[in-house]
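Hello,

Here is the structure I promised to pass on. Please open it and read the notes below alongside it.

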Amino acid sequence: MRVPLVQPGTHPELAEVESRIMAERGRVSLLYQVLLNSGPIASGWERMLTAVRNQTGVPADLRELMILRVAVLNGASFEYDAHVPHAQKAGVSAGKIDAVRQDVLSGVFAPLERLVLELTDAMTRQIVVPDELMGRVQQHFDPKGVVEVVATVAAYNMVSRLLVALNVAH
């Protein structure tokens, strides 16, 4: 790792953010021990990712497929490994969890899963989402849903890129 881990309880000025992390996550994970090097970043990160993971209408199975795909595309094995249990809990099959690791999306995915994974690929690989693809996303999701699906992919690109840049690994 390229920054030290901040052990919870060792910096009194971080007590409030550590408390929020504990309340939301049940522990201060390795990722948050890295983020605690900056209290404001750890605090904002916790609020943003809590909203993305727990306060949107994105179904858990779709959310976890998108998160796993982003992790694969960005080479963030820490994030992939961290989210496999969440995907399993959300009902994502082992076959689909394995399939997100393939370069080309397979036929194992249902149409809606394929759509959000195509969006994930476009946002992560090309950045610019083609109008045709966004049109299909907008046909399925209302504006709130579009923002929430896009924000999920964007947020987990942020997560994975931080993890990779700082060499965060188990």
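**What was found**

UniProt, in an unreviewed entry, places the feature "domain: Carboxymuconolactone decarboxylase-like" at residues 43-121. UniProt positions follow the numbering used here, feature names are shortened, and annotations may be inferred rather than shown by experiment.

Two notes on the source. This is a predicted model, where local features need pLDDT of at least 70, side-chain atom pairs count only at pLDDT 80 or more, and totals for chains, interfaces and linings use all residues. Residues are numbered from 1 along each chain as its sequence is written, and side-chain values use heavy atoms, with hydrogens and water left out.

Back to residues 43-121. The span is 71% helix and 0% strand. Its end C-alpha atoms lie 29 Å apart. Helices (H or I, at least four residues) and strands (E, at least two) are DSSP runs, numbered from the N terminus.

Next, the backbone. Ile127 is not a glycine, yet its phi is positive, about 70°. Ile127 sits in the loop between α7 (111-126) and α8 (131-140). Ile127 is exposed, at 56% relative accessible area. Asn167 also has a positive phi, near 55°, and is a residue other than glycine. Asn167 is in the segment after α9 (143-165). Asn167 is partly exposed, at 39% relative accessibility. The cut-offs: buried is under 20% relative accessible area, exposed is over 50%, partly exposed is in between (1.4 Å probe, protein chains only).

Last, a ring. Which residue lies over the face of Tyr80? Arg101 does, at 4.5 Å from the ring centre. The rule: NZ of Lys or CZ of Arg is within 6 Å of the ring centre and within 35 degrees of the ring normal.

Best wishes
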